[in-house]
Amino acid sequence: MKDFWKRYSRNRGAVIGLVILAIVVVVAILAPLVFPQSPWRMVQRPFLPPLSMDQYPLGTDALGRDVMAGLAYGAQVSLLVGLVSTVAALLIGIPIGALAGYFGGWADDALMRFTEFFQTVPSFALAIVLVAIFQPSIYSIIAAIAIVSWPPVARLVRGEVLSLRSREYVEAAILSGQKSGTIIMRQVLPNTISPIIVLASLMVATAILLESSLSFLGLGDPNMMSWGYMIGAARTVIRQAWWLSFFPGVAILLTVLALNLIGEGLNDALNPRLARKGK
Amino acid sequence: MLRFILMRLGKAVIILIAILILNFFLIHAAPGDPAAVMAGEAGAADEKFIADLREQFGLDKPLLTQLGIYLGGVLQLDLGFSYRQQMPVADLIFDRLPATLILTLTAFVIALTLGTIAGVLASARVGKWSDTFISTLALLFYATPLYWAALMAVLVFSVYLNWLPGFGYETVGANHEGFARLLDIAKHLILPATTLGLFFMAVYMRMTRASMLEVSQLDFVKTARAKGLKPGIIQRRHIFRNAMLPVVTLAGLQAGQLVGGAVLTETVFAWPGIGRLMFEALAQRDYNVLLGVFFVSAAMVLLFNLITDILYRFVDPRIRVG
Amino acid sequence: MSNPVLSIRNLRIALPEGADREFAVDDVSYDLNKGEILCIVGESGSGKSMSANAMMGLLPDLVRPVGGEIMFDGIDLLTLSENQLMDLRGRRIAMIFQEPMSALNPLMRIEDQIAEVFEAHNLLSPKERSARALELLKEVGIPDPEKAMRAYPFQLSGGQRQRVMIAMALALEPEILIADEPTTALDVTTQAQILELIRELQKKHGMAVMFITHDFGVVAEIADRVAVMQYGRIVEAGTADEVLDNPSHDYTKKLIAAIPTLATDQAVAGIDKAPVLEVEGLCKTYVTGGGFLGRNPRVVKAVQNVSFTLAEGETLGIVGESGSGKSSVGRCLVRLMEPDEGMVRLGGHDMAKLKGEALREARKSIQMIFQDPYASLNPRSKIGRIIAEGPMAHGVSKGEAYANAERLLELVGLDASAIDRYPHEFSGGQRQRIGIARALALEPRVIIADEAVSALDVSIQAQVLDLLAELKERLNLALIFITHDLRVAAQICDRIAVMQKGEVVELGPAYDIFNNPKSGYTRSLIEAIPGREKDLAAVTVG
């Protein structure tokens, strides 16, 4: 663990990423305390520019809602959707990849054709269609994101399992009489954890982008204030009020950037390159 | 080669049929009875009319028969009817398709060219400030929401600087002809294509850089150095060509996202393509159009994939000859 | 008489910080004379390739020369600029490498890769380059050189690719050829051909050759002079005869003593004992590259009608070159690979027919030791668990299994405290011992060792072989020893089966196989063993 942290912190970007993410998390947690009122409430006159009133440093939107409060509550939605949909995608992708890789043969063929199908289908368009048809809500959004983002997980896990499966220690486990389930759980999957963690951190970032894009198109949960929704609502008034789309965009950019930096740091820390050669 | 293309086409057809089946079930999952919706659109919602509609569209038949009818329709390029627009979905889409093709292809070319050039430059100066600069820029592009970048581009280049048009496909009412019209379209294309390409540029840049660095560690590069070849030649002939293989594969895989991204870009720039059509259909909950666009964009992705597969075969002799 | 083309004086090459020692090469001096082959010998990590790479200016990143000089034609190579070095490389000093599979650009035709050497030095017209390339391919003895010109590397075999590498190295008639383990990745018969080719070309062109190797057999075959390296220093240098026959340094003595000799006992153990394992008509054919909608599936007859018996306490060697099917036989026996046909009788069962629980139970009596000491232990499991896992899967209690693991670790010569440590804390040889302990944990009657010592340095190899012999004796095990190395087989096996293209071409007592081979293939294998003459001479003297 100490070793892990040492390798992680050697990547300066990764540390910056962690700090940014920590701030976003704190903001999301504190949002209801700092802004006890609903972010949907009109608090001032519309189109109040930033820095013109101390109480509303980021100004107000077309309906006089506090942009700052919106940003804080938006952090909740982004993190929630990013995290839950990634977990859901992992829950679909890992078993499919593990089964395909471990058992090979027709099971592999069938599962991989299935995966390939989902990978070929334009994912964002599918997400739009799914959310539109099943009606926008936090559940349909999470489900749609999970459905379009599991294929890379399945492929990664399958590839790892496939190479681990022919690894000699797995063969030794087979010979020593361990059962398939035990071998997958104890010998194979623990050794795929690091690439999965790295991929997962990047998937959270992608999921946040996806959620914000859906909300931007008007497919967000109508009861939740999200960054994408704020930008979408501000799109038509961009010429009058640049700040309405600018600040939520920066928030998304920073959060996604932070997660990507963390992903790189994790990669450095979990998969130290065995670059040194003996000779 | 022909055999390979035919095999790939066969696979593409299977995937398309699978998408159609998915589409069919999604239509059925869509809220509201299609007949009632249609009747509502037609402005005559009495029982008799709805029942007639059901019969006319075969909605009273078993599900599998309906699926057959649906697939048969698609074979004749019938993707259903849009009551909101009072037009067949296929006509709507084919009207808009050229604009999307121009946009996505331009974005793809911009992203691939600039991305690989930047990736090669960064890998050649690994660890130096120019590498740091390019890599940081790529990281930023990678994390920027596409639609937001588009909005900011409109704000800066169109609203404040007034350099480029930020709206539409060509200047409305200008009535340009011939070359002047092309120029006009090209001017309108710059902002949407660039912003759509940004994310992918970042992806290709990162991939190229990583791949160049990895290939440069391989044994045959040492062989090339031992021959006394100049670094420039080694870089071009030995490292770059090998490094491009995974980039080409990735470019094929990313095609789907490019088409998906077009929805956002076209929405912001009011670009009259199928992405914009999708956005309009969303606002009106016009499910037939929605699913039609989904199907056609999937077909486009398959086409992109086919092209990159063929490209790959030309680059890699192991697949071509072996 | 000595006429150095190259003199290295007090060369010192620094390793990056955090390496296991400060200098890769520490105060090394030697000469390379015109028209001689100098072998630099050492085990992995001895720094034997470093001075050659320094000469070419091809040291890995972060590794740099910090002292001494490399004098070539009156200039110190270490002082040259990159441009000056570039002019030298390929033209006056050429180099070939260990892995012919990866040393050629996979996307370029052979012709272009050879022509490039001329292009790099602005010599000849494109047409002349192509003509010269063809001449060179003929000179290095590539079959069908016209076709090879148009080929891509993946269409050539390992030996052919190494010939292409040699052709490229010879292109500009360099004064020095550096060969860095050029035959290590090749089969023994191919190795013999390449060694002969290098020898012949060296004589013909009067080059000085610096030949880097870990294999004393190869040294005996090719060297005029030898320098032995250990931990970055030269511990002994001299003519080949001096060093091989009369080593003065302890390390050299130890290395040479560790080489398995080809002398075999005439007495054969276990021939009268009851067989524990009987194999009859084993067949395995597999198809690659085909599959759903695929084309041109390649059919490989990996195992064809293989039959043998294994007596209690006996060691049967299965030897063959890569692709001979020797490993497939071992894997079919334990059903890591499904045999198509045949019978494997072990303890009253036909292993080839068992399924599910019965197979799991039967496998207890036949265990395997693997090749790669780094891939054969789960990096995330502690040693104790690695060994105890098997017995626990068969219902032994955890306490008992761990106690047994401690006992086994001591049996294989490790400390019992190892059970609480992870695999990465152990060296290659120690890991191989752990692998042996794991195989023993289920108290098998037969152990299959698949290239179990191939990845180890020769001194470690000798220790592991001794351990196996001792354990076999103490536990009355029967051993199937799969190897490509005839020397190893000669040392440990009672009987030997020689395999070629999936078939057993000869099976008999080790003594007969080596002294009186019946099959032509066996004979060619034995003749190809590097350093065989030297060895046989030693045998007659001793």
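**View 1. Contact between chain C and chain B in the predicted model**. Chain C contributes 25 residues and chain B 20 residues, two residues being in contact if their C-beta atoms, placed from the backbone, lie within 7 Å. On the side of chain C that touches chain B, helix H2 (82–88), S6 and helix H3 (110–120) of chain C each give two or more residues; helices (H or I, at least four residues) and strands (E, at least two) are DSSP runs, numbered from the N terminus. H3(C) gives the most, with 3 residues. This side of chain C divides into 16 nonpolar, 4 polar and 5 charged residues. Ala, Val, Leu, Ile, Met, Phe, Trp, Tyr, Cys and Pro count as nonpolar, Asp, Glu, Lys and Arg as charged, and the others, Gly among them, as polar.

Residues are numbered from 1 along each chain as its sequence is written, with chains lettered from A and ligands numbered from 1 in the order in which they are written. The model is predicted: local features need pLDDT of at least 70, side-chain atom pairs count only at pLDDT 80 or more, and totals for chains, interfaces and linings use all residues.

**View 2. Helix H9 (residues 219–226) of chain B**. Because 7 of its 8 residues are buried, H9(B) is largely enclosed by the rest of the structure. A residue is buried if 20 or more other C-beta atoms lie within 10 Å of its own. Among the buried residues are Phe220(B), Lys222(B) and Arg225(B). Their cover includes helix H8 (178–215) and helix H10 (231–269) of chain B, together with helix H1 (50–56) and strand S6 (93–96) of chain C. Gly228(B), with a positive phi near 90°, follows H9(B).

**View 3. Contact between chain A and chain B**. Here 32 residues of chain A meet 41 residues of chain B. The side of chain A that touches chain B divides into 21 nonpolar, 9 polar and 2 charged residues.

How values were computed:
A residue is buried if 20 or more other C-beta atoms lie within 10 Å of its own, exposed if 12 or fewer, and partly exposed in between; C-beta atoms are placed from the backbone.
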